[in-house]
Amino acid sequence: MMKQSILYTIVAFIGFSILTHRGFAQKKLSEQLTLTAMEKLFQDTTLLKGAKGPKWTYDMGVVLEGAAAVWRNTGDGRYFNYIQSSMDAYLDKEGNIATYKPEDFNIDNIKNGRSLLLLYKVTRQQKYLLAATKLYDQLQKQPRTREGGFWHKKIYPNQMWLDGLYMGEPFYAEYAKLMKKDVAFDDIAKQFILMEKNSRDTKTGLLYHGYDESKTEQWADKTTGRSPNFWARAMGWYIMALVDVLDNFPADHPQRKELLAILNRTATAVVKYQDPKSGVWFDILDMPTRRGNYLESSASSMFVYGLAKGVRKGWLASSFMAAANKGYAGLKKEFVEKAGTERINLTKTVSVSGLGGKPKYRDGSFDYYISEKVITNDPKGVGAFICAATEMEINQLPKPGKGLTVTIDNFFNNEYMAGPTGDKIPFHYLWEEDDNNGFSLFGKMFNDAGVKTNTLKIAPTTVNLNGSNIYIIVDPDTEKETASPNYMNAEHAKQIAAWVKDGGVLVLLLNDAGNCEISKFNVLPERFGIHFNEDSRNKVQGANFEQGAIKIPDGNAIFKTAKKVYIKEISTIVAKSPAVSALADKGDVIVATAKYGKGTVFAVGDPWFYNEYIDGRKLPAEFENFKATNDLVNWLIKQVPGKK
């Protein structure tokens with residue numbers, strides 16, 4: 001029987017390996033729980049019903065935060081559409097938000113603003129920015145403590161809660177960056193500093209759930225104003241707030257160092273109270289043995305997310321990853337249950353815990369916290385777990401490009417558009433752009449593989465390319481795009497070629513005739529045996545996507561997993577030694593590569609790795625542009641000398 005069992009295991013493993021290799025592997029846990037959420041949560045919000053409609057609720061925003069991360073990790077447009085339909089259920093074209101009452105001054109109501117900003121950045125639809133601005137306006141009028149901290153709600157005067165930092169500050173920072181409200185960052189830093197100052201216990205390093213400046217609330221200590229206990233999810237909100245705010249907090253702001261110090265103090269305390277047996281955390285952090293206390297899934301997910309993201313971004317030492325790994329293993333063991341084909345549930349989430357209120361007064365005692373209902377698939381837990389899982393899935397990806405830098409050109413491609421504040425901002429094929437024109441997903445793939453992204457705004461030379469391993473030039477400007485284009489010339493080409501010869505990897509993503517300057521630019525690729533024809537192949541009428549289809553044959557050296565891609569309006573290529581065709585279709589060379597000294601050149605007549613064609617919102621699922629982009633990233637990394 002034992003031999004049979006071993007044989008069965010081997011056969012099953014081989015079968016699973018084959019399925020994985022062929023692309024039929026089971027969806028990752030982040031996707032499985034997101035699909036559960038899409039099918040089971042907030043079903044009343046797909047359509048406004050009745051006079052009141054569904055309630056504008058922050059816990060939906062936590063789920064949508066997770067869905068956004070899954071969308072970026074997969075390029076599957078269903079997840080973006082879920083975010084958009086969820087928010088559209090509340091909005092009219094003027095950005096008015098159904099059931100939202102700014103006069104409540106409830107900081108929980110700010111949370112969903114992050115989803116609105118994502119929708120604005122991706123679609124450029126004005127209603128999302130108008131709605132987000134209404135939330136920003138609430139923050140400008142939000143009542144404050146004497147020290148300047150936001151009240152949690154109007155009905156909770158003089159009180160700051162840890163929860164409120166997550167509900168308000170990540171949105172505040174993202175909006176401030178987008179709309180150039182630089183003074184806001186002083187205020188954002190102040191909120192974290194005040195919260196830590198007034199709620200941190202110096203002995204444990206943990207933060208109490210809430211603080212009442214007036215010290216009159218029944219739950220408040222009459223000397224310190226602090227609530228009585230260390231509720232895990234409250235600290236979970238706080239660490240999530242820190243790592244999400246830092247994404248948009250200026251690198252040169254004088255108080256950034258203090259935010260990083262707060263994050264490190266918070267993370268250190270969190271790890272100290274991690275349950276050594278299960279790897280997760282108790283609902284009341286410092287009382288693991290007290291009867292009634294239990295392991296809680298939402299806080300545990302938030303801690304894993306905060307630790308893992310902090311390490312990935314370099315804000316926390318890599319040593320914190322051990323706690324994140326242990327925590328994630330614990331999440332899967334303690335809280336995840338199968339819920340059908342490629343679906344999971346998340347168990348053991350406390351539905352709600354607060355302070356004060358009516359009619360039942362919440363006194364912040366241990367007995368109060370453990371009296372609250374513990375449920376399965378609470379959206380706060382679901383959203384937090386999805387965020388944690390996406391971070392861990394990124395962490396578990398191979399990092400073949402660790403230590404490398406990819407630089408995007410912003411000299412030959414140097415276009416501007418009117419930004420949301422009315423001033424001119426650079427756009428078109430840039431890392432930070434989330435809309436159709438951007439390379440944000442392309443850049444993320446490089447980052448996830450360990451490669452640092454960089455932008456070069458001046459003419460390339462062997463000196464300023466010295467720190468770059470991969471250099472991408474995309475869609476050189478014509479006069480219709482830029483008033484005074486920076487054209488390629490012999491000296492630029494000489495400098496770039498010398499860099500390639502010394503081991504650089506050059507990526508040329510042109511465009512078709514009429515949408516790209518080709519004739520002058522050809523002085524560069526011709527050094528490597530590559531000539532871009534001034535033509536336009538694969539013209540597509542409307543949504544007839546098959547007109548842009550190109551099939552990739554088995555065994556292609558670059559695109560190893562993608563089998564069918566969409567590339568429209570291409571300038572075809574003539575490849576002569578040392579260049580070779582790397583992908584051809586119906587007699588036309590679509591992609592060419594060349595070895596030149598120690599370096600490599602990749603060339604294609606369309607910049608088809610931009611968001612519009614890899615984010616899953618436009619193309620039918622049969623087109624595998626997202627996969628092809630991942631394939632390209634991996635191939636480019638391997639071309640760097642020493643990375644084969």
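**Exercise 1. State how many helices and strands the chain has, and decide whether its radius of gyration agrees with that of a compact globule.**

Solution. The model is predicted. Its chain has 17 helices and 19 strands. For 644 residues, a compact globule would have a radius of gyration near 26 Å; the chain has 26 Å, so the two agree. Along the principal axes, the C-alpha atoms fill a box of roughly 80 × 75 × 50 Å.

**Exercise 2. Determine what share of the residues is buried and what share of the contacts with a separation of 6 or more joins residues 24 or more positions apart.**

Solution. Step one concerns burial: a residue counts as buried under 20% relative accessible area, and 59% of the 644 residues do so. Step two concerns contacts: among those with a separation of 6 or more, 72% are between residues 24 or more positions apart.

**Exercise 3. Compare the span of helix α4 with the expected one, and identify which of its residues are buried and what covers them.**

Solution. Helix α4 comprises residues 77-88, twelve in number. From first C-alpha to last it reaches 16 Å, close to the 16 Å expected at 1.5 Å a residue. The buried residues of α4 are G77, Y79, F80, Y82, I83, Q84, S86 and M87. Their cover includes α2 (29-40), α3 (58-74), α5 (113-123) and α6 (126-141).

**Exercise 4. Locate the cis peptide bonds that K358 forms with P359 and S577 with P578.**

Solution. Most peptide bonds are trans. The bond joining K358 and P359 is cis, with omega about -5°. P359 is placed in the loop between β5 (349-350) and α13 (366-371). The bond from S577 to P578 is also cis, with omega near 10°. P578 is found in the loop between β16 (573-575) and β17 (579-585).

Note on methods:
Residues are numbered from 1 along each chain as its sequence is written. This is a predicted model: local features need pLDDT of at least 70, side-chain atom pairs count only at pLDDT 80 or more; totals for chains, interfaces and linings use all residues. Side-chain values use heavy atoms; hydrogens and water are left out. Helices (H or I, at least four residues) and strands (E, at least two) are DSSP runs, numbered from the N terminus. The radius of gyration is taken over C-alpha atoms; the globule rule is 2.2 Å times the number of residues to the power 0.38. Buried means under 20% relative accessible area, exposed over 50%, partly exposed in between (1.4 Å probe, protein chains only). Contact means heavy atoms within 4.5 Å. The expected span of a helix is 1.5 Å times one less than its number of residues.
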